[in-house]
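Subject: Structure for your review

Dear colleague,

Please find below the structure that I am handing over to you. I would be grateful if you could read the notes that follow with the structure open beside them.

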Amino acid sequence: MGFKLDYLLSILPRLIAAAAVNIRLAIVIMLLALVLGTALTIVRAQKIASVNALIAVIISFVRGTPLLIQIFIAYYVLPAVGLDLSPEVAGISAIAFNSMVFVSESMRGGLATIEAGQIEASTALGLPPHAIWLKVVLPQLFRRIVPVLINEATIVVKGTALLSVITVVDVLRTAQQMASASYRPFETMIGSALVFLVINLVISLSGRVAEARFAAARV
Amino acid sequence: MSATPVLRVSALTKRFRGVTALDQVYLDVYAGQIVALIGPSGCGKSTLLRCLTWLEQPDDGFIEVAGKPLGRELMPGGVVRRHSRRQIDALRPRIGIVFQQFHLWPHMTALENVVRAQTVVLGRSRAEATRRGVELLTRLGLADRMDRHPDALSGGQKQRVAIARALAMDPALMLFDEPTSALDPELVGEVLTVLRSLAGIGMTMLVVTHEIGFAASLADRIAFMDHGRILEEGPARDIMAAPKEPRLRSFLDLVRTDHRITRTTANPTE
Amino acid sequence: MHFDPAVLVDYWPLLLQGAWLTLQVSAAAFVMGYVVGIAIALIALVPGWVPRLVTGLYVETLRNIPFIIILFVVYYGLPFSGIRLPAVLVGTAALALFASAYYAEIVRAAILALPRGQFESARAIGMSPMSAMRHVVAPQILRTLVPPSTNMTLTMMKESAVLSSITVPELTYQSLVVQGNTFAPFEVFAAVASIYWLIAVVIAEASRRLERRVGTAQAGASGRNRIADRYLSLVARRT
């Protein structure tokens, strides 16, 4: 049996509806990652040796193991430790943890590009540390790492597809369910591929528009 | 002169997005001559050189090097036949070019730059290529610098390696794109010496330069280019003493005025 | 909560088999993916808007779709063309396809970062484009290629875990098997995560050695393009 275009077109509405799940999850994950990542960066900036050593190990672990394994750990191991989370929450936690590390790493890179003179001047002016962070450093930092964050957003969106493996009903799982009913797995997979393609292209394009705006605003 | 010119350029035309960079250029360079190509910036001097090595493809016109057509050929019957990439590559070694930035290959030593060109393009044995490379580099005063990498060489030394690399291919003619501009002004005299020594062995040369004094000291003939056309061409002395073209006259006046300014500031009592 | 490694004693061979398959799949996908990637990069450099458009579509499509979906598309799509392959080969092909898009961008960026004059001086002397690439371009871009390529290869190795969804018996698949038999998720995933982490460390170390042999992008080449360097390290950072 050959490729049926009309079948593909007929299932697209259902797939797009299911995509709302991925988008919702991605937004929650990105927000969590931004907040936690910023917090982590501030903690690292305190330069407490033992804390930073522990953080280094965690970062090495997160960067050296597959996201799927991290998701399985949240799904299978946490219940054994007493934390019984729903598949969605487990999935969100795993991807947010992963993303948090990356956000923190890119913030570290971005920090290096902000001249030390600014922080010195702010201290000389009498600004307390938290004000320096909030008013001087962070605004500039975010402007610089926007492109990297947009890229990370597309990665998070792609990561949500993996949650189908731990029974979250997202685009992919919906597609798989449809495929087992209709015996047309290829079209359902192409459909879900298209949905993700569009979502991520929209994110990248808005990112470029946002970049242009930020660049214009940069002094 | 009745002999075939080493370089014959006929009606060469090149357009870039509506701008005509070369407008029916005619130029003949005979064996052993040094021709300096001068003109204001943007006149098309560099474009002409690039066309002569087929780094740019001319839209019209013909180029002949040592009697052989390059890139495009006029067949009997008026048909223009385009050469294949292989045919063009086969003729390229005969046209030596020394770029303004030299473009030496940084991952090889000076000697290797000269050797690799010969082994890969001309198929010479490594031994033969090395022998010729050593000879050329020694003659150019780089005997003790052969095993250095380009980043360990001065600008003048890099230029001489670039010259050696081109000479190793046994070219019929050597092209120079602004040989003085990438170097410190004090070294202009050295470049002059090197190029004169090349002329001394009978090499035919076409030198693009914006330094009139350099052109006047070195060249047998000078060609003046403006807006993609060669407006005047003749023996160096005649051009400098009595230019006919009004644009050439104003161009030379501009340069001579600059010299007058430097002379004035050198004599504060005036 | 107790941590009892003895639970895994019987299952270590299975996990190690899985790890070995992960390594093999990754290595094969790296080679195939890089060859295809170089080809795509060279096509993208052909003058004209058509090659850039075609390669751009190829790269953007593969980079914006989750790998698990690329895998399923290949897995369910191959039978359409009448090709029936064992899951492990399908998985490796899908992984290579995925990686090729990233390698292509890495190679293209590296070639573009090299000053044009290098290629031109080689051509002007009479070298064919192939010879110019071989003798002048490739040796110079090799050092710039190593860091981003390593990054991508690590990412690809981690992505191989997804192959477990089409029952390829690599490390993640085996971890699920062992977990199903022992009901000791903490021990199993601690072990598996450690093995992945170890593989990652080995790859990173191999890359460091390679960098020393080929020279880091910092040494040697004068007149490098700093902007291109930053672009190169960001381009391949993540999938």
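**Confidence**

Please bear in mind that this is a predicted model. For chain B, the mean pLDDT is 89, and 94% of the residues reach 70 or more. There is one stretch to treat with care: over residues 261–268 of chain B, pLDDT stays under 50, and the model has zero contacts there beyond four places in sequence. Where pLDDT is low, the predicted coordinates should not be read in detail.

**Chain A**

Chain A consists of eight helices and zero strands, and its pattern along the sequence is therefore written α-α-α-α-α-α-α-α. Along the principal axes, its C-alpha atoms fill a box of roughly 75 × 50 × 25 Å. Of the 219 residues in chain A, 46% are buried. Among the contacts of chain A with a separation of 6 or more, 79% are between residues 24 or more positions apart. The chain exposes about 10,500 Å², and carbon and sulfur atoms supply 71% of that area.

**The six-stranded sheet of chain B**

In chain B, six strands form an open sheet with mixed pairing, in the order β8-β9-β10-β3-β11-β12. Its edge strands are β8 (95–98) and β12 (229–235), each of which pairs on one side only. Direction ignored, neighbouring strands of the sheet are turned by 20° against each other on average.

The pairing of β10(B) can be followed through two strands:

- Strand β9(B) runs parallel to β10(B) and is joined to it by five bridges; Met174(B) has Met205(B) as its bridge partner in β10(B).
- Strand β3 (residues 34–38) of chain B also pairs with β10(B) in the parallel sense, over four bridges; here Leu37(B) stands opposite Val208(B).

Asp226(B) stands opposite Arg229(B) in β12(B).

Helix α5 (residues 155–167) of chain B lies across β8 and β9 (173–177), and runs at about 170° to β8(B).

**The four-stranded sheet of chain B**

Chain B also has an open sheet of four strands, in the order β2-β1-β4-β5, with antiparallel pairing. Strands β2 (19–29) and β5 (68–69) of chain B each have a single partner strand, so one side of each is left without a neighbour in the sheet. Strands β1 (residues 7–16) and β4 (residues 60–65) of chain B are paired over five antiparallel bridges, and Val9(B) has Ile63(B) as its bridge partner in β4(B). Helix α1 (residues 45–52) of chain B lies across β1, β2 and β4, at about 115° to β1(B).

Which residues of chain B should be checked for backbone geometry? Gln24(B) has a positive phi of about 55° although it is not a glycine, and His103(B), likewise a residue other than glycine, has a positive phi near 55°.

Gln24(B) is found in strand β2 of chain B. It is partly exposed, at a relative accessible area of 37%, because that value lies between the 20% and 50% limits. His103(B) is placed in the loop between β8 and α3 (110–122) of chain B. Its relative accessible area is 19%, and it is buried, because buried means under 20%.

**Helix α2 of chain C**

At 1.5 Å a residue, its 16 residues should span 22 Å; the end C-alpha atoms are 22 Å apart, which agrees. The expected span is 1.5 Å times one less than the number of residues. The buried residues of α2(C) are Pro51(C), Thr55(C), Val59(C), Leu62(C), Arg63(C) and Asn64(C).

With kind regards

Note on methods: Residues numbered from 1 in each chain as written. Chains lettered and ligands numbered in written order. Predicted model: local features only at pLDDT ≥ 70, side-chain atom pairs only at ≥ 80, totals over all residues. Heavy atoms only, no water. Buried < 20%, exposed > 50% of the residue type's maximum accessible area, 1.4 Å probe, protein only. Pairing = 2+ DSSP bridges. Axes fitted to C-alpha atoms, helices over the stretch in contact; angles between N-to-C directions. Contact = heavy atoms within 4.5 Å. pLDDT = per-residue confidence, 0-100. Areas by Shrake-Rupley, 256 points an atom, 1.4 Å probe, with all protein chains shown as cover.
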